[in-house]
Amino acid sequence: MNNVLIILLATGTLLFQQALCQDNPLRQPLLDGAGHPREDAYQQIPLRPDDQIYAGIIEGSWMKQVLMELDRISLDDKASGRLFWGRNLGTAAHEIAQVWAEAYFAQFGLENIQRRAFALDPVWVVDSWDVRFSSGLEEFRLTSACP
């Protein structure tokens, strides 16, 4: 009887996992077909009673959307071919991120939005790198390394 129950549970678990992974080439149940976390995979933590006043103001999925917009600026910078990509100070992506932030501030009614310039010199800019090491007579190059 116990063996039959174990076999039924194992079969049910396997079928459930297959249903979750049907469009997932990596067979990861928390990822969608593109390899991104599924929305229902995110943990939903209830607010404490004294934080309920923020329930209609702070919305996790909206915050994620905002961060993804900002992240898009970094990814666009990476796609441009820049080796040390992102929203690094003094770069075009940094300027785009500032304009993006100012637009958000204005959208929510903030007034008198100002930028304050400051000197960045000298600015360290990476245009190439190479990481190698040796062990005995053998030399290795780490092609995936980045600063």
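Predicted model: local features only at pLDDT ≥ 70, side-chain atom pairs only at ≥ 80, totals over all residues.

**Entry 1: a residue in helix 2**

I started with D77, which lies in helix 2, residues 60–79. Is D77 buried or exposed? I looked up its relative accessible area and found 6%. The cut-off for buried is under 20%, so D77 counts as buried.

Next I asked which residues D77 is in contact with, leaving aside its neighbours within four places in sequence. My list reads R82, W85, G86 and A93. R82 also turned up in my search for polar contacts: its side chain and that of D77 are joined by one of 2.9 Å.

I checked its confidence and noted a mean pLDDT of 79 for the chain, with 80% of the residues at 70 or more. Where is confidence lowest, and where is it highest? Helix 1 (residues 2–20) has the lowest mean, 46, while helix 3 (residues 92–107) has the highest, 94.

I then looked at residues 8–21, where the pLDDT is below 50. Beyond near neighbours in sequence, I found 6 contacts for this stretch in the model.

**Entry 2: salt bridges**

How many salt bridges does a search of the whole structure find? I wrote down 11. One of them pairs D51 with R48, and their closest N and O atoms are 3.3 Å apart.

Another is between R115 and E95, where I read 2.8 Å for the closest N and O atoms. I looked up where the partners sit: E95 is in helix 3, and R115 is in the loop between helix 3 and strand 1 (132–135). The two are 20 residues apart in sequence, so their pairing ties those parts together. Both ends are partly exposed: I noted a relative accessibility of 37% for R115 and 38% for E95.

My last stop was the salt bridge between E139 and R132, with the closest N and O atoms 3.2 Å apart.

E139 has a relative accessible area of 53%; exposed means over 50%, so E139 counts as exposed. R132, at 48%, is partly exposed.

Technical notes:
Residues numbered from 1 in each chain as written. Heavy atoms only, no water. pLDDT = per-residue confidence, 0-100. Helix = DSSP H or I, 4+ residues; strand = E, 2+ residues; numbered from the N terminus. Contact = heavy atoms within 4.5 Å. Buried < 20%, exposed > 50% of the residue type's maximum accessible area, 1.4 Å probe, protein only. Polar contact = N/O pair within 3.5 Å; in protein donor to acceptor, adjacent residues only side chain to side chain. Salt bridge = Lys/Arg side-chain N within 4 Å of Asp/Glu carboxyl O.
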